[in-house]
Every structure is written in C-alpha cells, then in structure tokens.
Amino acid sequence: MIEVHDLKKHFSSGLFKKNYVKSVDGVSFHIEKGETLGLVGVSGCGKTTLGRLLLRLVEPTSGHILFDGVDITRLKQRDLRRIRPRMQMIFQDPDSSLNPRMKIGECIAEPFRLGLKGKLHKREIRERILELVDTVGLNPEHINRYPHQLSGGQNQRVVLARILAINPDFIVADEPTASLDVSVQAQILSLIQDLKNEFNLTLLFISHDMELVRHMSDRIAVMKCGRITDIDDVEKIFESHRDLISDSVISPLSAYKYDNLNIATVSELGTEVKASNR
Amino acid sequence: MNLLDVQNLNTYFPTQDGLVKAVDLVNLQIADSENVGLIGETGCGKTVLGMSIIRLQDSSAQMNGRILYKGRDLLNLTDEEMRSLRGKEIAMILQNPTTSLNPVLKVGDQIAEALRLHQGLDKGAAKKKAIDILKSVNISDAIQRVDQYPHEFSGGMKERVMIAICLACDPSFIIADEPTKGLDAKTKMQIVQLLKEVTKHKSMMMITHDLNVATLICDRVFVMYAGEILEEGMVWDVLGNPMHPYTRGFIDSMPCRGLKPIKGMSPSLIDPPTGCRFHPRCDCAMEMCKFEHPKMTEAENGHSVRCFLYA
C-alpha cells in the first residue's frame, strides 16, 4: 500500500550560514494493505514530520513515497488533489482541527459539498451525515452544535466521522488521544479499531506510549533522531527494545508481566535525568 | 485535626438549560502533610471542586456547605480575607501552563508578583527570591531564565514555573490540577519527582486522571463521577482492589490493562440519572440501583464506596 524509499526532510534556518535540522533522515519502510504500523519514539524524534510527509503535507527534501504504486512525491498539485481523498490524517488535538465557525453537521458535510463523492442531493447528504454521526457514536442533536460546545472526545468522533465521509484507504493517526483522558481514550481507540476492521483501512499509528502501540498495531517501527532503527512484529520489538519500555516507565497497574526487566524506578529516572541536564 | 474538611459541598451553575450540578454533596478530608488524589474522567467536576475550595469560581456559581480550612470556613470569608489567604496559605497549580501563564510578562515577574503582594518584598529582593525558587524547582541557569518569557520555555519547564509560582509564598496546602497533562513520559516522571519533594511537609490535593501518577504520589484517593464521590480510601486499597464498578471500569480502560472502554457516555450534570448515577453504564446494575441513591458506606477499614453491592 505504502512504500517509502530513503525519505529525507531537512529543515533549514539561517540566511548565510545554513543550519539544518534533520527531522527525517533517510527512512525506508512499507505498510501492507489493511495493516496497522505503529510508530514510536520519544518526543522530537521526527514521528509527526514523517506522518505529515506520507500525506505530503510537508514537502520532502529527497526520497520517494509510493502510494498504491504511484510516486506521490512527483505528483503535480492537481493530481495530488485527486489522490488526497484516499489518504487522511487524524491530528493530535481534536479541538483545533475543526473549524470553530462551522457546525458539526456542516463539517461532516464538507466532503460531500466539495463533490468528492459525486453529486448528491441535499436530502441524501443529510441522510449520510445522520448515518455517519451514528457510526461514530454521536447523537443527531450534535449536528447543530459548534465544536466548542462538545468535549474533546466528542470532537475526535466528529473528526472520525468526517474522515469516514471521505472513505479513505489510508489514515495517519498522530497521537489521536494525546489530549483525552483514559476512559475516553479507550472509547476512541476501540472505535478506530472497529472502523479499521469494517472498512479495511490501512493505518499508521503514531504515539510515544508503548502500551498503546502494542494494542493498536500489527508491526512497530522504532524511530530515533530522524531514523527508523528497528521495524518488526509487536512482540519482537517488546523483546528487543527494553530500553524504550523502561523509558515510558511501566505502569504499576499493568496487567503484563515484566519480571526479568530492569525497570528504572521513578527515583532512578529522576537522578538519571538530572545528571544528563548538567 | 484535618487541615481541610469539606462538608456537604454543592457547587451549582445556573445556565439557560438548567442548573448544572457540578459538585453535589461532596465530603472530603485532608490531613496534615497528606497527599490526596482526586480522580475521574473529564467533566466529572474535579476541577470545579478544586476551584471551589480556593474560591476562584465563576461569580454565578451557587455554593453551599462548609469548607473548613484550619477550622475556618472559607465560604464565610470576605473576598478581601480570601485574597490574603490565596497564594499564601492555599495555592493552586492551574491546569495547562501554556494558557495559564501570562505571555507578555517575564517568568520572574510572575513569580515575584505573589512575593511582593504577600510578603511586601521590594522589586530587587523579590527577583532574588524568584531566582532561588526557580533553582529549587530544578531550572538550570535560573539567573538568565528569570528574565525570559513563557514561550521560551518547554512544556515541562512551564509546568515547573507553575509549581514555582505556587510555592513562592510557601503555602501549607496545594491544589494541583492535572500537573502532568500533556507531558511525555520522562518529563512526567521528573514533575512527579519534583512534586513529591516539594510536598514533603505540605498537604496536596492532586486532580488527575492519570492513575499511574496517582499511585506514585498520593496517600489516599477519591474517585469522582458526575459530581459525586463514589469511592475513597488508601491509594492501593482503591486502585489495587477497586470496589465500585466505575473504578474497576476506569482502571480497565488503561492501555496497560487492555483498553476496555466503559460503555456509554458520562451523564449530563443538569439532569443526572436517578438512583445511582452510574447505573445506566454499569454491568452490575440491579433493579434498586435505578431508583434508590446509594450512600457512602465503609466496606473495609478506611475504604468507603457508594454502591449497593457493598451496602
């Protein structure tokens, strides 16, 4: 479905003396159709930039991205626009990814109004909206509200409904639950799982939480300083990347057993970090 | 004696759609140098409860009950008296440092504000003290940092500044509203560590939905749902052996427990369900749960729960 070859993105700053930040520095991988690839790494390692590159929301410095066999790095704007409905992104903060001046209903209707799904009658559009709102677990009464009148979890459902209206093949989910609380997070993620199975979506799931990625993914890619250092099945990554797991600190409430793992305790971690600050 | 004793506290907000019962008959005690956690999902009234205690509530709020702090009822104090207490005796670490800090004031000035007001320090002395406080929350290069603006700080650093502001006048009771929200794992642990250090001889009420953080920092926890306290007890009694079906569901929705969501949505606070407020989402709901409102009952030593299963 997705093939990435030696993808690079360098951000430059400075007028005469150029400084480069190598956010994504030579990354290659592929994602199969219907698969969920988890992308983990500490904050600032280039996860989000990579996700945006895949949809060409930022222009790559070099490298190729093949989407279903088409090299999207070479596409002209017009052709890109034609292929974009097939790939969509769920952003970190649902509240700021919706237009505050658009009612929820208008928001979900936008793909239809733009004619992405062919010409539809007003009544048909309304029926489709009601259907979608129901699929993501919202009430019909929400259609006439504005984003600020809904909670973060509800807004993320609206984002999902809008994405389903477009019916894409590939979704990049960039920490979709970062700003939500535990129980809502569980609701949204199980909704994403259900929708993924129902519509056979391909997913890139970005997160820094190993436990979350473990639940959502078929394979995991580990990213460090702009490079993918390892990519493998979920359990194998958990075997070989203990450092990442202890980084995220094992939950004392965890149901998993981490017996033979040398877990950095809270106090150890604190001193370790202090030492590196010095 | 308890440092803080909240008795039958109500905080209601009149709105066009009706009365929002954000905090409904809450009882809560905090002892000297005790850390207490207040956990629950978004919109259950945690923050409103915190704001009610420090009386930073919207002026439209209708409050009833008693909030005894060192024996004085905070609800009877005048605004003037409350102002002299706030920041000095009781301080709050507000949620979301990015929006809580003033973007056009230097960080040092924001810390010095409380010092000049409550301790009458002059500009130079307040700045000196601000630098010391910044150092005490582990901000390196405090001398330079004190003259910088909030946008020059990272998320974790801003949280440290919030803690510094709160500690400025050495209060004896701290309310921390989601101090670890939006921080990555490592920064989160640093903040937890810092909060642990600074509250060694103070009392703290920490509002959070991060159960891991609660286990690391709190002695006792209160579980809140739809404006009510549903369960309270020592942190490991409650989180290790949860009794209320809601607490159990909340723990099971954690990623490390299998991400099993609680069915349904949290109820409206205008018109909460009759009987037990959790019954429409509860797997163990019985016929009586629909009509009768359960009372808080002590099931084990110091572990109380509001559920008919244990009545």
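**Entry: what I am looking at.** I remind myself that this is a predicted model. I then looked up burial, and 39% of the 278 residues of chain A count as buried. I also checked the contacts in chain A with a separation of 6 or more: 66% of them come from residues 24 or more positions apart.

**Entry: a helix pair in chain A.** At what angle do helix α4 and helix α5 of chain A pack? I found about 130 degrees between α4 (residues 122–135) and α5 (residues 152–166) of chain A, and their axes are 9 Å apart. Angles over 145 degrees would count as roughly antiparallel and 65 to 115 as roughly perpendicular, so α4(A) is oblique to α5(A). I noted the crossing of α4(A) and α5(A) as right-handed.

Next I asked which residues meet there. From α4(A) I listed A:Arg128, A:Leu132, A:Val133 and A:Thr135, and facing them in α5(A) are A:Ala161, A:Leu164 and A:Ala165. Sorting the residues of this contact gave me five nonpolar, one polar and one charged.

**Entry: the sheet in chain A.** I traced six strands of chain A through an open sheet of mixed pairing, in the order β6-β7-β8-β3-β9-β10. Its edges are β6 (87–90) and β10 (227–233) of chain A, each of which pairs on one side only. On average, neighbouring strands of this sheet are turned by 20 degrees against each other, direction ignored.

Four bridges link β6(A) with β7 (residues 170–174) of chain A, and the two pair in the parallel sense. One bridge I wrote down takes A:Ile90 to its partner A:Ala173 in β7(A).

**Entry: the sheet in chain B.** How many strands form the open sheet in chain B? I got eight, ordered β6-β7-β8-β3-β9-β10-β12-β11, again with mixed pairing. The edge strands here are β6 (90–93) and β11 (297–300) of chain B.

B:Gly37 has B:Met206 in β8(B) as its bridge partner.

**Last entry: a helix over that sheet.** I saw that α7 (residues 155–167) of chain B lies across β6 and β7 (173–177) of chain B. Against β6(B), α7(B) runs at about 170 degrees.

Methods. Residues numbered from 1 in each chain as written. Chains lettered and ligands numbered in written order. Predicted model: local features only at pLDDT ≥ 70, side-chain atom pairs only at ≥ 80, totals over all residues. Buried ≥ 20, exposed ≤ 12 C-beta atoms within 10 Å, placed from the backbone. Contact = placed C-beta atoms within 7 Å. Axes fitted to C-alpha atoms, helices over the stretch in contact; angles between N-to-C directions. Parallel < 35°, antiparallel > 145°, perpendicular 65-115°, else oblique. Left-handed = near helix turned anticlockwise from the far one by under 90°. Nonpolar A, V, L, I, M, F, W, Y, C, P; charged D, E, K, R; others polar. Pairing = 2+ DSSP bridges.
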